[in-house]
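Subject: The structure, and what turned up in it

Hi there,

Here is the structure I promised to send over.

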Amino acid sequence: MEFSSKLLERAVNEMAQLPGIGRRTALRLVLHLLKQPKEQTQFLSESLQTMREEVKYCKSCHNISDVLLCEICSNEKRNHQIICVVEDIRDVMAIENTGQFRGIYHVLGGKISPIDGIGPSQLTIASLVEKVKEGNVTEVIFALSSTMEGDTTNFYIFRQIQHLNVKTSTIARGISVGDELEYADEITLGRSILNRIPFENTMKSN
């Protein structure tokens, strides 16, 4: 792809680094921005810069937040005895959209994947275990996508907390094996939360 401008080429190259954005799509987006008023491009640039500099991670659940304790964790109407373990913020948003879960979350920041060099120490598993050890948690729901990496992560966490007298469950397999949680429709995901099953049962069936 030949460019008549080095500035254009640089912008396209940077845009193409985003997930799911190829060079042709990046070019289309950059050309669209060039056609917009300068103020609009400036607003976009400033919002991204502000987000990058000021965004925080909740000190309790590790969800992305504007403050040190996110709105979910600080909400006294939520059931703080039930923790739903998810991979990232997209899964929190997906489950919240169902309106079926009133507990709190714990965002791992990924899944155990030795091939990708991601081990337990790269995730927030240790802080989850410490939270359960405090004794206020009655149930931990595993809501990771039903992939090999997700199942491996579930099992690892289960082994860390199985002696702590806490109920462990996993979302019902209304979610197809191999599917990512964020792409599930709200009704299916909501039912999977409501009809969750003991985690031990999933090991017996494997």
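Below are the notes, grouped by topic.

First, some housekeeping. This is a predicted model, in which local features need pLDDT of at least 70 and side-chain atom pairs count only at pLDDT 80 or more, while totals for chains, interfaces and linings use all residues. Residues are numbered from 1 along each chain as its sequence is written, and side-chain values use heavy atoms, with hydrogens and water left out.

**Strands**

Helices (H or I, at least four residues) and strands (E, at least two) are DSSP runs, numbered from the N terminus. Two strands count as paired if DSSP finds at least two bridges between them. Strand E5 (residues 139-142) has partners in both E3 and E6: strand E3 (residues 79-86) runs parallel to E5 and is joined to it by 4 bridges, and E5 and E6 are also paired in the parallel sense, over 4 bridges.

Which residues cover the two faces of E5? Glu-139 and Ile-141 are on one side, Val-140 and Phe-142 are on the other, and all are buried. Here, buried means under 20% relative accessible area, exposed means over 50%, and partly exposed is in between (1.4 Å probe, protein chains only). In a regular strand the side chains alternate between the two faces of the sheet.

**Helix H6**

Helix H6 covers residues 148-161. The expected span of a helix is 1.5 Å times one less than its number of residues. For the 14 residues of H6 that should give 20 Å, and the end C-alpha atoms are 20 Å apart, which agrees. The buried residues of H6 are Gly-150, Thr-153, Asn-154, Ile-157, Phe-158 and Ile-161. Looking down the axis of H6, these buried residues fall within an arc of 135°, so they line one face of the helix. The arc is taken from the directions from the helix axis to the C-beta atoms.

**Two positive phi values**

Most residues other than glycine have a negative phi. His-62 has a phi near 70°, a positive value in a residue other than glycine. His-62 sits in the loop between strand E1 (56-57) and strand E2 (64-65), and its relative accessibility of 23% makes it partly exposed. Asn-165 has a positive phi too, near 55°. Its place is in the loop between H6 and strand E6 (167-170); at 74% relative accessibility, Asn-165 counts as exposed.

**Salt bridges**

How many salt bridges does the structure hold? There are 5, where a salt bridge is a side-chain nitrogen of Lys or Arg within 4 Å of a carboxyl oxygen of Asp or Glu.

- Lys-6 and Glu-9 meet at 3.8 Å, N to O. Both lie in helix H1 (residues 6-15), 3 residues apart, about one turn of the helix. Lys-6 is exposed at 68% relative accessibility, while Glu-9 is partly exposed at 24%.
- Asp-88 and Arg-90 meet at 2.6 Å, N to O. Asp-88 counts as buried at 15% relative accessibility, whereas Arg-90 is partly exposed, with a relative accessible area of 41%.
- Glu-130 and Lys-133 meet at 3.8 Å, N to O. Being 3 residues apart in helix H5 (residues 125-133), they are separated by about one helical turn. Glu-130 is partly exposed at 45% relative accessibility, and so is Lys-133, at 47%.

**On the surface**

Leu-44, Leu-48 and Met-51 make a nonpolar surface patch of about 270 Å². Patches are made of residues with over 30% relative accessible area and no salt bridge: like charges are joined within 9 Å, nonpolar side chains (Val, Leu, Ile, Met, Phe, Trp, Tyr) within 5 Å. Accessible areas come from the Shrake-Rupley method with a 1.4 Å probe, and for residues only the protein chains shown count as cover. Met-51 belongs to helix H3 (residues 38-54) and is partly exposed, with a relative accessible area of 48%.

Best wishes
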